[in-house]
Amino acid sequence: MVPSGRIYWETAGSISIVNISSAIFEGSAPDLGSCPDESLPEFAFIGRSNVGKSSLLNMLSGQRDLARVSPTPGHTKLINFFTMNRTWRLVDLPGYGFAQVARKDKARFNQAVADFLQHRPNLALVFELIDSSLPPQAMDLEFVEWLARNSIPFVLVFTKVDRSKPEKVQANIQAFKARIAGWFEQLPEVYTCSAQTRQGRTELLGLIDTAIREMQTEERPPVMLPDEEEEFPAADLPPVGDVPRGKPKGPKRPNPGRIW
Ligand code: GDP
């Protein structure tokens, strides 16, 4: 990995997810083996080139140039890691499309991204970005199908919603959902955002917050007193923090054995 550890900014005050008070650029990795340690939950962002990923990452972080700050030439082809509030990592994955046009049977995104998505144990959630001003694009559909086939947890985020009339945005979202419906038992959650108006910021950061809290709950199961155990046998309790996202058809992804 290209080392960094450079601190972009850090302000005093309470650490909360929606109030991002620090962002540390950990570095850029060309492959899975070069990624930083697995000590923090990671939230990865991916989409076609020009989908508005850099703008969204800057909007979410409240930093004008977060997504373009890597000193490494060609960093857009690398996996970029930012530690936020010292509690979670934002992972900026290379965009697919344009430069990574399919060659025969090759995937349209690079092998490092595929390896990362399939094998990174501390990957909590993928944010798959889709341009809301366009009807369903083959490359996005193909990527979503790949995510489903590999049982990778993800949500759909429709970008640039300020660009089109709300009816058109809704029509494009519905068309997209209709195209992918057959691949899922339960459709992935859908979010909308705009880097221009900052729409979606609270929702997306809230989602990250909730996911982290769920993981912490999973980590520390409630201590049951003997009396309580009799009254509420564990088998009758709903699973804690088991929120299905884009639950694909077919076998479940093996437990990645999270270590945080
Ligand atoms: P990336 O290639 O996915 O990182 O996309 P960029 O963030 O560089 O955005 C591509 C183009 O879309 C740029 O011209 C941005 O100004 C524009 N853009 C990005 N997000 C929005 C948005 O929310 N609203 C509008 N109107 N334009 C956007």
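In helix α1, the residues Lys53, Ser54, Leu56, Leu57, Asn58, Met59, Leu60 and Ser61 are buried, where buried means under 20% relative accessible area, exposed over 50% and partly exposed in between, with a 1.4 Å probe and protein chains only. That makes eight of the nine residues of α1 (53–61), a helix that is mostly covered. Helices here are DSSP runs of H or I with at least four residues, strands are runs of E with at least two, and both are numbered from the N terminus.

Before we go on, a word on the model: it is predicted, so local features need pLDDT of at least 70 and side-chain atom pairs count only at pLDDT 80 or more, while totals for chains, interfaces and linings use all residues. Residues are numbered from 1 along each chain as its sequence is written, and side-chain values use heavy atoms, with hydrogens and water left out.

Let us stay with α1 for a moment. Asn58 lies in this helix, and it counts as buried because its relative accessibility is 12%. Leaving aside residues up to four places away in sequence, Asn58 touches Gln63, Arg64, Asp65, Leu66 and Ala67; contact means heavy atoms within 4.5 Å. After α1 comes Gly62, with a positive phi near 75°.

Now step back to the loop between β3 and α1, where Asn50 is placed. Most residues other than glycine have a negative phi. Asn50 has a positive one, near 80°. Asn50 is exposed, because its relative accessible area is 62%.

Which residues are closest to the ligand? Of the 14 that surround it, the closest are Asn50, Ser54, Ser55, Asp162 and Ala195, a residue being near if one of its heavy atoms lies within 4 Å. This shell divides into two nonpolar, seven polar and five charged residues. Here Ala, Val, Leu, Ile, Met, Phe, Trp, Tyr, Cys and Pro count as nonpolar, Asp, Glu, Lys and Arg as charged, and the others, Gly among them, as polar. Backbone atoms also feature: a backbone N or O atom of Asn50 lies 2.9 Å from an oxygen atom of the ligand, a polar backbone atom of Gly52 is 3.0 Å from a ligand oxygen, and for a polar backbone atom of Ala195 the distance is 2.7 Å. The protein covers 74% of the 570 Å² of accessible area that the ligand has on its own, with areas from the Shrake-Rupley method and a 1.4 Å probe.

Phe127 counts as buried because its relative accessibility is 0%. Beyond four places in sequence, its contacts are Phe43, Ala44, Phe45, Ile46, Val155, Val157, Leu204, Leu207 and Ile208. One of these, Val155, is 28 residues from Phe127 along the chain, yet their C-alpha atoms are separated by 5.3 Å.

Strand β6 (123–131) is also among the elements that the buried residues of α2 pack against, together with β3 (42–47), β4 (79–84), β5 (88–92) and α3 (138–149). Those buried residues of α2 (111–119) are Ala112, Val113, Ala114, Phe116 and Leu117.

Last stop: the loop between α3 and β7 (154–159), where Ser151 is found. Ser151 has a positive phi, near 50°, and is buried, because its relative accessible area is 14%.

Note on methods. Polar contact = N/O pair within 3.5 Å; in protein donor to acceptor, adjacent residues only side chain to side chain.
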